[in-house]
Amino acid sequence: MGSDSTSAYPLKSFLWRLFRKIYAILSRLEVRGIENVPQEGAVLIVTNHLSYADPPLLFITFPRYQEMMPLAADTYKKNPLFNWLVSNVGGVWITRGVGDLAAIKTSLAVLKQNKILGMAPEGTRSKHTHALQAGKTGAAFLACKAGVNIVPVGIIGTEKVWSELRHLRRPTITVTYGPAFSLPPLSGDNKSALLDQYTHEVMCHIAALLPEEYQGVYKGEVRVKEIMETGK
C-alpha cells in the first residue's frame, strides 16, 4: 500500500464526488459533529451498521476521505460492483469469524501510516431490529495495538433507504460524529477480560450517539448515559 492515497487510488476523488451527488439527490442528509474529527494522525472510525448504504456515507462525510480505508467482509468480493468499489478506495478485506491475521496486519499497517480505518464493530448489519448488536473485540484490539484515537459514529435512517425510494420519497439520514477517545494499552494477565471491557466502552460510545430505539443491547447502560451527559 503506497503512502500517497491519491496516487495509489486514482478513482477515489471521482467516487467521492459521485457518491456525494447521489446522496444529495436521493436523500436528505444531515451531518453532525464533524468538528470532532482529528485533523491529523491515525484514526479508527467505528460505527453502527444498518444497511449497504452506510459505508459510502462514512466515505463522503469524513473530511479526510483520501486517507480513509474501509474494512470490508470478503463475502462482498462475490459482488462485482462491491468488489470494484472497495478495491478502488483502498479497502481492507477481512474474513469474518476466523481471526484473519493477514487483515489485522494490514489494518495495523494502515493505522501506523497515520491513515484512517473505518469499521463496524458489530461485524455485520443489524438486519431485523436495526438496533445495536453486541460488539466484536476487533476494533478495541486494533485501537489498543496501534495506540490510536477512536471516533465513534452514529448513523440513523439508512435502514429505510430502499423502502423510501421505492415509494418515491427521499429518506432522511443523519450521520453523527462523536468526540474522539482512546483506550489504555492491553496489559496484565487477563487481557481477554480487558478486551471485552474495552469493547463495551467502544460500543457505549456509539450507542450514546443514537436514539434509544437504535441502542439495542446497550440500551439502559449506565455508561451510555454518562457519555451522553458528559461527552466522554
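The legends below describe close-up views of a predicted model. Residues are numbered from 1 along each chain as its sequence is written, and side-chain values use heavy atoms, with hydrogens and water left out. Local features need pLDDT of at least 70 and side-chain atom pairs count only at pLDDT 80 or more, whereas totals for chains, interfaces and linings use all residues.

View A. Helix H6 spans residues 138–146, and its buried residues are Ala139, Ala140, Leu142, Ala143 and Cys144 (buried means under 20% relative accessible area, exposed over 50%, partly exposed in between, with a 1.4 Å probe and protein chains only). Helices (H or I, at least four residues) and strands (E, at least two) are DSSP runs, numbered from the N terminus. The cover over the buried residues of H6 includes strands S2 (43–47), S5 (116–119) and S6 (149–156), together with helices H5 (101–112) and H8 (191–207); contact means heavy atoms within 4.5 Å. Glycine 147, which follows H6, has a positive phi near 65°.

**View B. Packing of H6 with H8.** The two helices pack at an angle of about 105°, with their axes 8 Å apart, where axes are lines fitted to C-alpha atoms over the stretch in contact and angles run from 0 to 180 degrees between N-to-C directions. That angle makes H6 roughly perpendicular to H8 (65 to 115 degrees; under 35 counts as roughly parallel, over 145 as roughly antiparallel and the rest as oblique). Ala140, Phe141 and Cys144 of H6 meet Leu195, Tyr198, Thr199 and Val202 of H8.

**View C. Rings around tyrosine 52.** The structure holds six aromatic pairs, a pair being rings of Phe, Tyr or Trp (its six-membered ring) with centres within 6.5 Å, and planes under 30 degrees apart counting as stacked, over 60 as edge-to-face and the rest as tilted. Tyrosine 52 and phenylalanine 82 form a tilted pair, 5.5 Å centre to centre with 45° between the planes. This pair links distant parts of the chain, 30 residues apart, with tyrosine 52 in the loop between S2 and helix H3 (54–61) and phenylalanine 82 in helix H4 (residues 80–88). Tyrosine 52 is partly exposed at 35% relative accessibility, and phenylalanine 82 is partly exposed at 26%. Arginine 125 lies over the face of tyrosine 52, at 4.0 Å from the ring centre (CZ of Arg or NZ of Lys within 6 Å of the ring centre and within 35 degrees of the ring normal).
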